[in-house]
Structure formats: structure tokens, C-alpha cells
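Hi there,

Here is the structure I promised to pass on. Have a look at it first, and then read my notes below.

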Amino acid sequence: MRLFEPFRALGYITDGVPFAVQRRGIETFVTLSVGKAWQIYNCAKLTAVLVGPQMDKKIRALACWRDFTFAATGNDIAVFRRAHQVATWSGHNAKVTLLLSFGQHVLSVDLEGCLFIWAVAEVNQNRPPIGQIQLGEKFSPSCIMHPDTYLNKVLIGSEEGSLQLWNVNTRKKLYEFKGWGSSIRCCVSSPALDVVGIGCSDGKIHVHNLRYDEEIVTFMHSTRGAVTALSFRTDGQPLLAAGGSSGVISIWNLEKKKLQSVIKDAHDSSVCSLHFFANEPVLMSSATDNSIKMWIFDTTDGEARLLKYRSGHSAPPMCIRYYGKGRHILSAGQDRAFRIFSVIQDQQSRELSQGHVGKRAKKLKVKDEEIKLPPVIAFDAAEIRERDWCNVVTCHLDDPCAYTWRLQNFVIGEHILKPCLEDPTPVKSCSISACGNFAVLGTEGGWLERFNLQSGISRGTYIDIGEKRQCAHNGAVVGLACEATNTLLISGGYNGDIKVWDFKGRELKFRWEIEVPLIKMVYHPGNGLLATAADDMILRLFDVTAMRLVRIFVGHMDRVTDLCFSGDGKWLLSSSMDGTIRVWDIISSRQLNAMRMDSAVTALSLSPGMDMLATTHVGHNGIYLWANRMIYSNATDIEPFINGKQVMKVSMPTVSSKRESEEADENRTIVAESNVNKPDVSGCLIGDSYSAQLTPELVTLALLPKSQWQSLVNLDIIKMRNKPIEPPKKPEKAPFFLPSLPTLSGERIFIPSSTNGDGDQDETRNDKTVFEARGKKLGGESLSFMQLLQSCAKIKDFTTFTNYLKGLSPSAVDMELRLLQIVDNENISEAEHSVELQGIGMLLDYFVNEVSCNNNFEFVQALIRLFLKIHGETIRCQVSLQEKARKLLEIQSTTWQRLDTSFQNARCMITFLSSSQF
């Protein structure tokens, strides 16, 4: 059984599929494709409002209509109502590439030029299409649109360069436009009647009149490449936006017939969609660089500025690390971006600023990519100094400098760390001390130097006098780690030498020689263990305090890419290019679990709470989260998850965070057989119902809504606050023949009017019927309450009675307890009030039993408070009840004393740790 369950993927915004825009009331929504799933954003703040389920095939086209979303996957069209799939339309013999929402119909076009017409009114049923059109053998459709005011007509462009105008109602081709000898990539309707804009692969934009088949104006795109997207402005300004395959957006003035402005480096790759909002100077664009942006034209010179955006990595990330108590993930990718992702709220994810990159690029007349820093190959962070100064250091590809970052402001720092000014070589590794004051850098030339992060000044170098030249290592420094008390510094060289230095004195204290090129090194400050990975694919663990090798792990079949310790230091996680993640138990020196993915893992990081594992993969731009089943299950130990040498095939997490179905467990590929039978705890994962109490020694909560048990305590205050100011009035439009009377439960009992022999209504009989109905209802509830309490008291198991009380409203519980109330406590006759006294005694026994079991703790405490408030005076006057009350007091005192001790111990420990300075 695998230890980690796929949870969800982070950092995916959009891919190369054009988006679908829909206006609902005063709000506008955009539907974006992310591989095999889709997600909907509210354009007001670009916040995700809905994520669709994962599908079997990649999405090629999208369309929207009201609450429905249509996604073309393979030869089929999946129909969703909100996030639930309600139908699948089949009929195409080739892959569907185009979708168009067309009134009460949806049009779909496949690669073979076949157009199907689907009725949206019957969307909940898997029915065949209501019409079909064959576009022609030498006509490869590339785009489809509906010209405004052209009833039942669509315009279809082709790869051959021609266009066809069809009437979908009569299934007839009305006209064919010859085109311009270049493949048509996009076409869009303009605010002017009969006028459309057409973008071609040769970079030309044609504004054409369909009615007269005449060209109005032709533009040449500002950069080389095809025109991939067009959009006309609709707020009265004669502007046309054109996006190209180079990521540039050009704005053309249709009146002056010239280029008005250019948004350079709007995207890092080909623009796939453009859309001007209706009657607004706002343009939305998306591209294959995994970003969607909104531009506003509100400047005096007519230039566009970036209004808001959502983006992720446009190239696969290579380094990740959990930050901020597991709430954020720092990520660096091949796209030269350094990002921080929130695992809780996607709106908080952002790219760290590298300064005024756009202004500098514009001034130097170069692209933004040429100004950005090279890709990050290693980084380290110290949370303790986030509010004081720069607390992140990054090393970049073939860069002799290391850069500091201030995460509090999400910007690059003011200090640039330059080790070995005499002979600069690229920085390969970095480490920040536990106090957050120092950063140590290791270079490709074997140089080791310490810097002060607050001032950026060098504070000394580490030199091994045993080396031939004046340096720390004879080769590149591939790993660095600082001990928790700033006593030791550990460095690893590519040639296989691991050295332990005196941090302050900068003297060599010890060294290991593994005689194999070193690849990766990671240190756990809590247990003092150092884990290394070498070219021989063997993992070695060293005890830095004892200065000796303590563990060796063998199992990977290809180069190890990353290592990670668990928060408690008991596990070591490793990833390899063989596509596996292996979990090693350090104490027992064995492999606990192994998983194989479809794509090799390049980096991994386990959250401090060990509840989530983050991974990055070859060829994937996102970060994948895995849930630790050991944390989210009822398993008391690790034994059910131990697989030995067994490697399990697992699927990748998806954007929709939909849990894998149970049927998929039967289809998993077992690489190695296991001869150990283990219990199944697969039903105890996230989203399952709460199970029984783990152990009586632990206080277990009822998990009821907070308002339900708090209302029991404050019921008198709530009643006083809700007391009516004036007497109720008869509704003006109430039917005279339906006299009604409210009951205690909130229901209204309608009494049929009866007549006497003279034809007059018998009011006396009506009143009698009302009170009979009310008394019958109250008597039934009271009888159920007392009978259930008596039956549970006989078998001494109050579980059923507790569940019954938990299902009642606070006012109903109050009423049940008050039905046993004795008003005159001074003159109590046991014979007269035997039922009430017996019920109060059984309730005391019930409370003693529940408090002893420590179950439903907060709910039982609220019940006890309400019970004593109502029956406290009766218990004081009755000797037979006082003994049970004393027993309840003793158990209550013992329980709360034990809880108070635990709270005080935790409070003292937190106070001690928060005031400690390392």
C-alpha cells in the first residue's frame, strides 16, 4: 500500500487552447483549459471559482453556455453542468478541434472537416447530433465564428487559405471566399456590420467586408510570425488588437490605418486568445506560457498597462522547498522565474520581482528575458529573519554571483554576493545559518566564503591547507549545510570529499572520502544526520556529531535527483531519474515505501508537518502535492504502509484535486510481489466520515457546529435578544378559512373550521382540537426522550441517546430538559414527582458515564451547564441526587485538572521555544 496519495497540482493556469468568455449578469467569467481539466475564473479579480474534473484525454477546444461547459476531448465532447459531467456527445470519426456556442446549439468541427450540430436543450441526454455538414475534401478547418446579425450563419476558415459561409439551419454553403494564399489562423467579428478581421500565418491582418467580398484594409504584424489571435474594441474606439506567435500584442488604429502601440513581451510564447470586454477599455490575453493577463488602456498616450494577471511557470521548475510552516512553496524554474506558491489560496501565489525588468529592457532595447537573471540551480531560506533583512539566497546557472531576496516584500535584495573576486567562478551551492545572519557560498572552483546577509560584506573564507591550491575543495562545491548552533559547517565536493569545518574559526575538523563523485547533500539540524547521494546511486548517512558513517541505502536504478528529510528526522525521501520516490526509515534502516510515476521527479520537499509532499517532474510546469496517508488515516503505526522492495505504479495528481476512485486500485501495476499481508486503511482518507474514538484516554470532540453547542450555553441571552418588540399581527393576506396556531417546534397547525347545526362555527370545538393536537405532539416527544434514556441506562450504553440529543436543535434540548423541571422545590413529594426525580437521576448517571469516556466532550459540557442551570436547585434539595452529583463533580475535576496540566505543559514549551535565540 502506498504511503502518499495524489492530492492536487499547483501552478497551472492555462495551456494553448483558446479560452471561452461568458457574461453572467454584471460579472464576466472565463473558462481556461489546463491539460485534461478546465477551470473557470471570475474576471473581476481573476479568482478561480470552479475547477472541472480530470478527463482521460487532453482538451482541444472549449465552449460555454449558461451553466454548461463543453470540452472537446479526442473524438467526443464532454458536457458539464457546473463541475459535474452530465453527458457525452459522440459521433465524430476524428479529433474535434473547434467548438462554437451558437444560440441554442453547439457546433463542433473535427480534423476531417465534418461539422456537427448539437441541441443544447437536450444537454442532459446522450443523444446524436441534430445535423451534420461535410465541409469538403480540400478544406481543413482552422477557425470558426458567427458574424453578427447573420442569422443561422457561420464563417469557417481553413489551412488552405479559403473561407466558407454556411447556413447551419438549411445545411447549405452560401459563399466561398478565395482568401489570400496563406493559412487562416483566426477570424473575429467587428462592431461594424458585415466586417470581420482575419489573421493569417504570413503575419498579415485583413479587415474584410463579407457582404461585398471586399478588403477594407490590410495590416502587417509588427513582428515576424503568424497572427494567432484578434479582437476588436467595442467601447467606441476604432482599435484592433492582434497577437502573434512571438508573444507580442499589436494595437492598430482602424481610422488612421496605422499601428498605434505595441505591447512588447506581453507573453513569453505564442498568444492563443484575445478578448476586449464589452464597452470597456480592457483587453484579456492568454498564451502558451501558462499565463492570463488583463490590460487596460487608460493612459494619455493610449498605451496599455498591465492591470492584473495570473501566471505559473512557463518551463518546468527545478528546485522547490516548503516555506512558512508549510503554507507556501518556493519554486525556481528554467523560465528564469523565482516564485512563491500558496498551498491554501491560489491568489497569494506570485513571482518575486527582479527589479524594473521591463523599463531596463525598453531602455536597452532588448527583450525582458535578456535582462532577467539566469535560471536558479540552488537556493536556501531562513524564516527567522523575514522581517529584518533579506532571508533568501539563490545561485544561478553559470553566474559567479549569488543574489539575496526579501520575501517580506517579494523583491530581490539590495546585496549581490560575489565570492573570490580574484578568480570568479560560477556559484554552485549556498546555505544560510540557523540564526539567519550569515550565508555561505560554494563555487565551481572549490572556493568557500561566508557573507553577512545584513550588510552583504564578506566575513572570511574556508581554506584547506592540505589541498594543492588555496581553496576548500579540489573540485566544485556541490553541497553546503550549517549546524543548528552555528558550531559546524559541512561542505561536499564533487570529487567525493565531505569536510566538516569550525564555523567561527574556519578551520577543518574532519573529512570523509567516499571516492565517488558527489551529486546531492542534505542535512537535518534536529538529529545531526547528513544524507548524500553519489554517482553510484547509493545513499549514505553520516552522523556529524559522532563523525562516522551510520547508514547505507541501496535501491535506485538511475541518477538520484533530490533528497529530503522528514520534519521529525525519522524518514529520508529520495527521488531518481528512474521515476521513483523512495521513503527510507532511518531507525530501522529499511525501505518503507516506493512509488513509480510516469515522469521522472526532479525535486521534492516534505512539509514540516509531514502532511504534504511536493514534487516537480520532467516536462511538467506545475508542482504536484501528495497527501501523507499516515497523517490522514486512523492507522496507529507505519506497518500497513510498508511495502519492502515493492514499487507501486501511481498516477499524477490533477488540478481538480479529485480523489482517485477505488476501482483504480485494482489496475495498479505491481513491480515486485510482496509476501506480507497488510490491513487495508484505504477507507480512512481525506473526506471520509469521522470514525469512533481512538482511545478513552484522549478527549474526543463531537465535531458539531460551534453554534449548536454554544447556543445551549447562551440560550437565555438568545431568547431575550429575539424577544418580539410588539405582539404579532395577523397577516393581511392570510386566508380566513385557514386558522392557524404556531407550535413550540415552529410548525403551524391548520384547524378546519367546524359548524354546528345552525351553520355557525363551533369555536369551542376548534380550541379543543388545537390543544389536543399540541398535547399529543409534546407527549410523544417527551415519551420518546424518557424511553430512550431508560433503555440506554439499562444496558449502560448511551451512544444512541447521545446521537439523539446531537440531532436536536438547542431549543428542543432545552424544552426536553425543562419538561422534567420541578417548580416548587421546597415542598417536593417523592410520590408526586417520582417521574421527574427518576429522570434527573438517570441524566446524572448519563453525564457521569459520558465524562468518564471523554467522548463528545464539548457537547456534554454544554449539556451539563444547561442541566445544572435548570435542575440545580432540585439536586440541592434532594439527598438521593446529591451523591450522584458529588460523583460527577469528582470526575469533572479530575478530567479538567488533567486537561489543564496538558495545556500548561504545551504553553510553557511554546513560550520557551518562541523566546529562544539560536
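This is a predicted model: local features need pLDDT of at least 70, side-chain atom pairs count only at pLDDT 80 or more; totals for chains, interfaces and linings use all residues.

Cysteines first. There are zero disulfides in the structure. A disulfide needs two cysteine sulfur atoms within 2.5 Å, and the closest cysteine sulfur to that of Cys187 belongs to Cys143, 3.3 Å away, so the two are too far apart for a bond. Cys187 is buried, because its relative accessible area is 12%. Cys908, in contrast, is partly exposed, with a relative accessibility of 47%.

Next, the strands. Strand β6 covers residues 59–65, and six of its seven residues are buried, so the rest of the structure largely encloses it. Its partner is strand β7 (residues 68–73): the two run antiparallel and are joined by six bridges. If you want a pair to click on, Ile59 has Thr73 of β7 as its bridge partner. Two residues lie between the strands in this hairpin, and Arg66 has a positive phi there, near 55 degrees.

Finally, the helices. Helix α9 (residues 857–877) packs against helix α10 (residues 879–914) at an angle of about 150 degrees, and their axes are 12 Å apart. That angle makes the two helices roughly antiparallel. The residues in contact include Phe857, Ile864 and Cys877 of α9, and Val879, Leu888, Trp896 and Leu899 of α10. The crossing of α9 and α10 is left-handed.

Happy browsing, and write back with any questions!

Best wishes

Definitions and conventions
Residues are numbered from 1 along each chain as its sequence is written. Side-chain values use heavy atoms; hydrogens and water are left out. Buried means under 20% relative accessible area, exposed over 50%, partly exposed in between (1.4 Å probe, protein chains only). Helices (H or I, at least four residues) and strands (E, at least two) are DSSP runs, numbered from the N terminus. Two strands pair if DSSP finds at least two bridges between them. Axes are lines fitted to C-alpha atoms, for helices over the stretch in contact, and angles run from 0 to 180 degrees between N-to-C directions. Angles under 35 degrees count as roughly parallel, over 145 as roughly antiparallel, 65 to 115 as roughly perpendicular and the rest as oblique. A crossing is left-handed if the near helix is turned anticlockwise from the far one by less than a right angle, and right-handed if clockwise. Contact means heavy atoms within 4.5 Å.
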